[in-house]
Amino acid sequence: MINRNRTLRQAGLAVSLVFSMLSLTGCGKDAAGDTPDKVAALLVAPEDLLTVNTNALASGPSITGSIEPERRADMRAEVSAVVLAVLKENGDPVKRGDLIVRLDQTAIRDSLTAAEASARAADQAYEQAERQFQRMTTLRQTGVVSTQQVEDVEIRRNSAQSDRAAARTRMVTARQQLERTEVRAPFDGIVIDRKVSAGDTAAIGKELIKVIDPTSLRFEGLVSADSIGQVQAGQHVWFKIHGFSADEFTGVITRVNPAANVTTRQVEVLVAFDESKKQPNVAGLYAEGHVETHSSATLILPSASIVNEGDNAFAWRVNGAKLQKVALTLGDRDPRTGSFALRGGLAEGDKVLRFPNSSLKDGQEVQTGAGAKPSLVVEK
């Protein structure tokens, strides 16, 4: 009897579980039936839309090089002497005429003293010879002396005059040598490379220090000889400076070197900054860009607005209140901006999503307005 009651209770429990499962399944079907399979409308703010317009597509050969100063001076020793003091360090600003390096003047000052003494003696000898020549000329008019005597005195006077000129030259040279023991800045600038220290022996021609003018920086670039025929003075150049900033710089070609490098077969091109206030304050930085040799008007679309699927490219166009996936035919890429020329798919004036994401659906409803939140569309 007990077993029979246990069997009846287990059967009743099984029926209850089946009934519960059927009830839950029915509820799920009703819930699914109440919620239609429909994609929610896309809220688009005005800043999420990009209007396709005609723009200039620039093209031209690439250019690489470095930022270098136009005004730079390698200060070298012009006399052989010991370095007494170096008054400026790397990075120190200098004004024109500021003392930078002082060399030992002892030997050169002694030479100057000797040259000045020789010059004074030569002056006295010339003055004496001149007075004697004047006396002899007067006596010749009275017939007291002969013409030969006058000519002999004149020769001595001329020789003394030559000796005086030579002595004065030696004195001037010694003064110049003395001045060269003080190395001074040739222009307003900055010290960038100190080569010597106090106690070093500076032979003639030894490099002492370098000074540059940071306001005279320019882009000294190289262009392949294969493309140099397209490059000429006056063309615009845009470039980026690595390690300085992500900003784009523009300039104008001021000179094209008429000779190519014999090793690299590249031609040097000098580019002046369009805006001197934006130029870097550091020389030697690597830069690369393109020379704008050609420019054509065409429809342009930024790469951020293009969706790539394999070898195909698409854009999401807002067509009225619907989102439409449009296949694109792309042309050349603008190396300056990264935008692509459009050969087909969109027309001027079409509005596309500026930054489309991966959750968009073709035919999805679109709601636009100033109150819409752009975060639903933008995916950077």
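Tutor: Let us begin with strand 13 (residues 217–224) and strand 16 (residues 266–273), which pair in the antiparallel sense over six bridges. Two strands count as paired if DSSP finds at least two bridges between them. Strands (E, at least two residues) and helices (H or I, at least four) are DSSP runs, numbered from the N terminus. Within this pair, Phe-219 stands opposite Val-271 in strand 16.

The model is a predicted one, in which local features need pLDDT of at least 70 and side-chain atom pairs count only at pLDDT 80 or more, while totals for chains, interfaces and linings use all residues. Residues are numbered from 1 along each chain as its sequence is written, and side-chain values use heavy atoms, with hydrogens and water left out.

The two strands belong to a barrel, closed by six strands in the order 4-13-16-15-14-17 with antiparallel pairing. On average, neighbouring strands of this sheet are turned by 40° against each other, direction ignored; the axes behind such angles are lines fitted to C-alpha atoms, for helices over the stretch in contact, and angles run from 0 to 180 degrees between N-to-C directions.

Most residues other than glycine have a negative phi. Arg-265 is exposed, with a relative accessible area of 52%; exposed means over 50%, buried under 20%, and partly exposed in between (1.4 Å probe, protein chains only).

Ser-339 lies in the loop between strand 21 (322–333) and strand 22 (340–344). Leaving aside neighbours within four places in sequence, Ser-339 is in contact (heavy atoms within 4.5 Å) with residues including Ile-300, Pro-302 and Asp-332.

Finally, the whole protein has three helices and 24 strands. Of its 380 residues, 33% count as buried. Among contacts between residues at least 6 apart in sequence, 74% join residues at least 24 apart.
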